Amino acid sequence: QVQLVESGGGLVQVGGSLRLSCAASGLTFSSYTMGWFRQAPGKERDFVAQISWSGGSTYYADSVKGRFTISRDNAKNTVYLQMNSLKPEDTADYYCAARHTARAVYDYWGQGTQVTVSS
């Protein structure tokens, strides 16, 4: 059974930083592209960032480029999202997701972790 478990969310002030983690189990982690998505209250879920199976390729939404960094540790089956210079508009539930390298859609999703940026 595949499980993705996010952690690291919380309340932070504008300009602060948080590091989210997502621990994966039940899959061959190095065969999956990993992504982070977020959903603000009353809005649709949006893409934030993704990282290739090797970590050699990353891609970011324009809204977070230069502030967020996605990384992974295949030995620990964990993907991270370092979030710096946080803004109130970054407030959302953050979800990690896994997409097999042979597929075009994300197959597995975590339960989410809440991030609140206060001004």
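Start by selecting Leu81: leaving out residues up to four places away in sequence, its contacts are Leu18, Arg19, Leu20, Trp36, Val48, Ala49, Phe68, Thr69, Ile70 and Tyr94. Keep in mind along the way that this is a predicted model.

**Stop 1**

**Stop 2: the disulfide**

Next, select Cys22 and Cys96 and show their side chains. The two form a disulfide, with 1.9 Å between their sulfur atoms. How many disulfides does a search of the whole structure find? It finds one. Cys22 belongs to strand β3 and Cys96 to strand β9, so the pair ties together parts that lie 74 residues apart in sequence.

**Stop 3: the largest pocket**

Now select Arg38, Gln39, Ala40, Lys43, Asp46, Phe47, Ala61, Ser63, Pro88, Glu89, Thr91 and Ala92, which line the largest pocket. Strands β4 (32-39) and β5 (45-51) are the elements that give two or more residues to this lining. The volume of the pocket is about 160 Å³. Colour the lining by residue type and you will find five nonpolar, three polar and four charged residues.

Two of the lining residues deserve a look of their own. Begin with Asp46, in strand β5. This residue is partly exposed, at 41% relative accessibility. Setting aside residues up to four places away in sequence, Asp46 touches Phe37 and Arg38; Arg38 is itself one of the lining residues. For a sense of scale, draw a distance from the C-alpha atom of Asp46 to that of Thr78: the two residues are 32 apart along the chain, and the separation is 21 Å.

Then move to Glu89, in the loop between β8 and β9. Is Glu89 buried or exposed? With a relative accessible area of 55%, Glu89 is exposed. Another C-alpha distance to draw is the one from Glu89 to Val117: 7.7 Å separates them, and they are 28 residues apart along the chain.

**Stop 4: two positive phi angles**

Stay in the loop between β8 and β9 and select Ser85. Although Ser85 is a residue other than glycine, its phi is positive, near 50 degrees. Ser85 is partly exposed, with a relative accessible area of 41%.

For the other example, go to the loop between β7 and β8 and pick Asn77. Asn77 is not a glycine either, and its phi is positive at about 50 degrees. At 24% relative accessibility, Asn77 counts as partly exposed.

**Stop 5: a buried serine in a loop**

Select Ser52, in the loop between β5 and β6 (58-60). Ser52 counts as buried, because its relative accessibility is 16% and the cut-off for buried is under 20%. Which residues is Ser52 in contact with, leaving aside its neighbours within four places in sequence? Show Thr33, Ser57 and Arg72 to see them.

**Stop 6**

Finish with Gln3, in strand β1 (residues 3-7). Gln3 is partly exposed, with a relative accessible area of 42%. Not counting residues up to four places away in sequence, Gln3 touches Ala23, Ala24 and Ser25.

Notes: Residues are numbered from 1 along each chain as its sequence is written. This is a predicted model: local features need pLDDT of at least 70, side-chain atom pairs count only at pLDDT 80 or more; totals for chains, interfaces and linings use all residues. Side-chain values use heavy atoms; hydrogens and water are left out. On a 1 Å grid over the protein atoms alone, a cavity is a set of points where a 1.4 Å probe fits but cannot get out, and a pocket is an open set with protein on both sides within 12 Å along at least five of seven lines; lining residues have an atom within 4 Å of a point. Grid points are joined across faces, edges and corners, and a volume is the space filled by probe spheres set on the points. Helices (H or I, at least four residues) and strands (E, at least two) are DSSP runs, numbered from the N terminus. Ala, Val, Leu, Ile, Met, Phe, Trp, Tyr, Cys and Pro count as nonpolar, Asp, Glu, Lys and Arg as charged, and the others, Gly among them, as polar. Contact means heavy atoms within 4.5 Å. A disulfide is a pair of cysteine sulfur atoms within 2.5 Å. Buried means under 20% relative accessible area, exposed over 50%, partly exposed in between (1.4 Å probe, protein chains only).
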